[in-house]
Amino acid sequence: MKAAVIVFPGSNCDRDVQVALAQATARHASGGAPIMVWHKDADFEKVELIVLPGGFSYGDYLRCGAMAAQSPVMKEVVRRANRGVPVMGICNGFQILTEAGLLPGALIRNANLKFICRDVNLRVETSQSLFTGRYEEGQTIRVPVAHHDGNYIAGDEEMERMEDRGQIAFRYCAPDGTLTSDANPNGSARNIAGIFNETKTVLGLMPHPERLADPALGGSDGRPLFDGLVEALS
Amino acid sequence: MSEVTPEVIAEHGLSGEEYERILGILGRAPNLLELGIFSVMWSEHCSYKSSKVWLKTLPTTAPWVIHGPGENAGVVDIGEGLAAIFKMESHNHPSFIEPYQGAATGVGGILRDVFTMGARPVANLNALRFGDPSHPKTRHLLAGVVEGIGGYGNCVGVPTVGGEVNFDAGYNGNILVNAMTVGIARQDRIFTSQASGIGNPVVYVGSKTGRDGIHGATMASAEFGEGAEEKRPTVQVGDPFTEKLLIEACLELMATDAIVAIQDMGAAGLTSSSFEMASKGGLGVELDLDCVPCREDGMTPYEMMLSESQERMVIVLKPGREDLAQGIFEKWDLDFAIIGHLTGSGRMILKMHGETVGDLPIDPLAQAAPEYRRPYEDMPEAPFLAPSAVPAPADTSAALLQLLACPDLCSRRWVWDQYDHMVMADTVGRPGGDAAVVRIHGTKRALAITTDCTPRYCQAAPRTGGAQAVAEAWRNLTAVGARPLAVTDNLNFGNPERPEVMGQFVGCIQGIGEACRALDFPVVSGNVSLYNETNGKAIPPTPAIGAVGLIETLDRTATIALKAPGEDIVLIGATEGHLGASLYLREVAGRREGAPPPVDLAAERRNGDFVRGLIQGGQITACHDLSDGGLAVALAEMALAGKLGATLTPPEDPGLPPLHAWLFGEDQARYLIAAASADLVLEAARAAGVPAAKVGTTGGDALTLPGGAPIYLNDLRSAHENWLPVYMGESLGN
């Protein structure tokens, strides 16, 4: 599998996700390290996966992800996504995906109005996707969040459609898997932490699976996501 | 340009004697621009005029030190061709006036000091001191400073992994914000500010110059009086997004062979950066101010030279490399301008609109700055306070709960939750341990990093307090299994023109020097912040110590968390039960008096080397240094981190101090460790001549102290976790 990590000015988790992907491809002995694509480079080589990393693209100065969504490279990402190339946006990447219209809804300021960096528990809502095939449905995993604007909202009808189509990927939960408001770090509607597009080829999530994909860092619950992607796309 | 009158000279913070010196150097009266340049270059902040003679007494060398003080940051060898580059710096005055921007730009400035030398920043820490929690400004200042540190560090993508927060009424009018950055560089790619090559182009990169922060260095060199907030216009505004681009662009340029010398524009902006570069190279410099990228029209030479606009660097390039460099900075959408060249004249010539607007000799200004041996009074050390003179609590468990919930000991989770402490995916030891542990990217080795200082000790006995700050930093690094390498010091004191303040400064420096020598722990960088006082009241002496150690293999580290039930708990080090200047005395007995615990550097070293050996040998399962609150507090923290109870039992020893002094005394050179069996540890300790005793066992869901009822971990956790969020007005449970 060949993946591309898009680097916007202000991206700061680009290397982290590159490492997680490279380690996953090395474990499967398939494909090489991901290529890093600069935001001004709309003409990058054919890849099987595109990742929009976390960070503060363009300083998040207008609205998180709003300016990145207008960059030359995003026109190409949208074109490829519409042709079925899998795309994953983590944190700021999720915000960019909603701003670019590849995912429904929006991410607004955390309910407590503060930046939040801590481990959270996520309930995996489906194993029926490219991204979550290595998890069990209903499984609880622990990965960190680190964001100021991760409070997911969408219109009621949109939300019902997403539920019906199984577009919810991850929800914030208590360690035993129950969905409580205490377990919801940012006020997201229905404890939503990550969603798919209709075809489940695009995933956006606020938590950072790449930050707990290595036992040396205190956990590896994020690792199956990368392993599963490499396996599915190789 | 306006006249240089005695009032203008005084406004620039220059004494009559200093002005006479300027006249002597120039052989004429300075114009306003030149006066402004002298003013910032000779400010306490830039020239260290009151502290220099004492700083020279600190040990600064060791076989592993590559660059000691004098560069932008200290550089130490960490093996495999790599170097750790680090420094701590204050941003106290701006943070009191405008907490968000003051703290944010403090982070930005220290980051630049580190990446200027070729290092990729890998960790930020901060040492913060606020006023009494009941003071009306404390909440506002704490909220703003924490948000500012997070706002900047989170955006640049460098993890904020540790630090300290204290509260004391002594900081009511003058908080302390000390920021530390650690970076990693290849040893063969370390850059300095020493210019060379007459004719080489001088290049300006980064943000444009605005009118912000003019005379920040001068402000930082004076006391506050009434109306300090009116100085808000001298506080700079940070742009972490531009800083992130600047880091990437500089590191990209540093990978080429284009750079001769590079220097960030910090305090005193373009003035001090260009002066320093030329001065270190024994050269002159000519700048064409028409070429300086400006944010607004009509800026005067005075404003351009003294602006402290952020995110700017000066680079001397090799001839012919201008296009290469310009291409890199344009790729990152940053300003790039050739603003001058090096000359052999030894002078700084400033031109604008074809006219010379300033002409100053460099050496007398940069290197012949005033140096004062200020009079000082030896500060008397507070008398020893016998443990028996301090009342025992009715209930030790209640006393422990009170201590764990007090502002100086409660959990700092509310703070570190707002800092991205995991970006870069190398944070192995997160906030809340003895030292942060950050993996060296792509290896199985790591750096351990900490900041420490106990101002109430420094106040009671400056020399002991200075030594204790170093010893505690050394101990915190040791407690995670690291070999301590070197120190950066951030010396925060009041007005040095007052002999008692100077006495505190001298005492602390002497203590730091003794401890650094005894522990082979040299000072490689630092910063002095004086005039920290408001309306004539000085802050408690606060020599914050930042320190870095090396962990050779991540398989051999320790954390504070208890790991398994049924293990033995062993206390390493001697306990005499020192309660003088302790938190127990202050919080539970309501008294502030007595000498701090003595610092026995030989014992410190012996006990620490022993504990490090146990960790590296894989013989223990948890380790925690003992400090504020003593043994009982340390064990409570270990239990909370491990979500596992423990029972504490004093050893049968006729020499044991009174129970409350044993539990809460703050004797130094001590560690608490957990091991499957105490026997091997005790035997090894006997062989090494290290005091050690089994003091308890792990297990259950409560902490049991002698003289008190068991405390369930949930109650312990509530006491420890709730104070700060409740104080900051948050609802609990999230």
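How many of the 9 residues of helix α15 (residues 396–404) of chain B are buried?

1. The model is predicted, and the points below should be read with that in view. Helix α15 of chain B is mostly covered, with 7 of its 9 residues buried. The buried positions are B:T396, B:S397, B:A399, B:L400, B:L401, B:L403 and B:L404. Among the elements that cover them are α20 (583–588), α22 (630–642), α23 (659–664), β28 (711–712) and α25 (713–727) of chain B.

2. In soluble globular proteins, nonpolar side chains tend to be buried together.

3. B:I449 deserves a separate entry. With neighbours within four places in sequence set aside, B:I449 is in contact with B:A123, B:L125, B:V161, B:G162, B:V182, B:A435, B:A436, B:V438 and B:V548.

4. Chain B also contains an open sheet of 7 strands with mixed pairing, in the order β8-β10-β7-β11-β9-β12-β13. Its edge strands, β8 (259–264) and β13 (355–361) of chain B, each pair on one side only. On average, neighbouring strands of the sheet are turned by 25 degrees against each other, direction ignored. Helix α13 (residues 322–331) of chain B packs on the sheet and touches β7 (201–206), β10 (312–317) and β11 (335–343) of chain B. The direction of α13 makes about 150 degrees with that of β11(B).

5. Within this sheet, strands β9 (residues 284–288) and β12 (residues 347–352) of chain B pair in the parallel sense over 4 bridges. B:D288 has B:K351 in β12(B) as its bridge partner.

6. As a whole, chain B comprises 25 helices and 28 strands. Its radius of gyration is 26 Å, close to the 27 Å that the globule rule gives for 734 residues, so chain B is as compact as a globular protein of that length. The C-alpha atoms fill a box of roughly 85 × 50 × 50 Å along the principal axes. Of the 734 residues, 63% are buried. Among contacts in chain B between residues at least 6 apart in sequence, 85% join residues at least 24 apart.

7. The contact between the chains takes 24 residues from chain B and 23 residues from chain A. On the side of chain B that touches chain A, the elements giving two or more residues are α8 (138–156), α10 (240–254) and β14 (427–429) of chain B. The residues on that side divide into 11 nonpolar, 8 polar and 5 charged.

Definitions and conventions. Residues numbered from 1 in each chain as written. Chains lettered and ligands numbered in written order. Predicted model: local features only at pLDDT ≥ 70, side-chain atom pairs only at ≥ 80, totals over all residues. Contact = placed C-beta atoms within 7 Å. Nonpolar A, V, L, I, M, F, W, Y, C, P; charged D, E, K, R; others polar. Pairing = 2+ DSSP bridges. Axes fitted to C-alpha atoms, helices over the stretch in contact; angles between N-to-C directions. Buried ≥ 20, exposed ≤ 12 C-beta atoms within 10 Å, placed from the backbone. Rg over C-alpha atoms; globule rule 2.2 N^0.38 Å.
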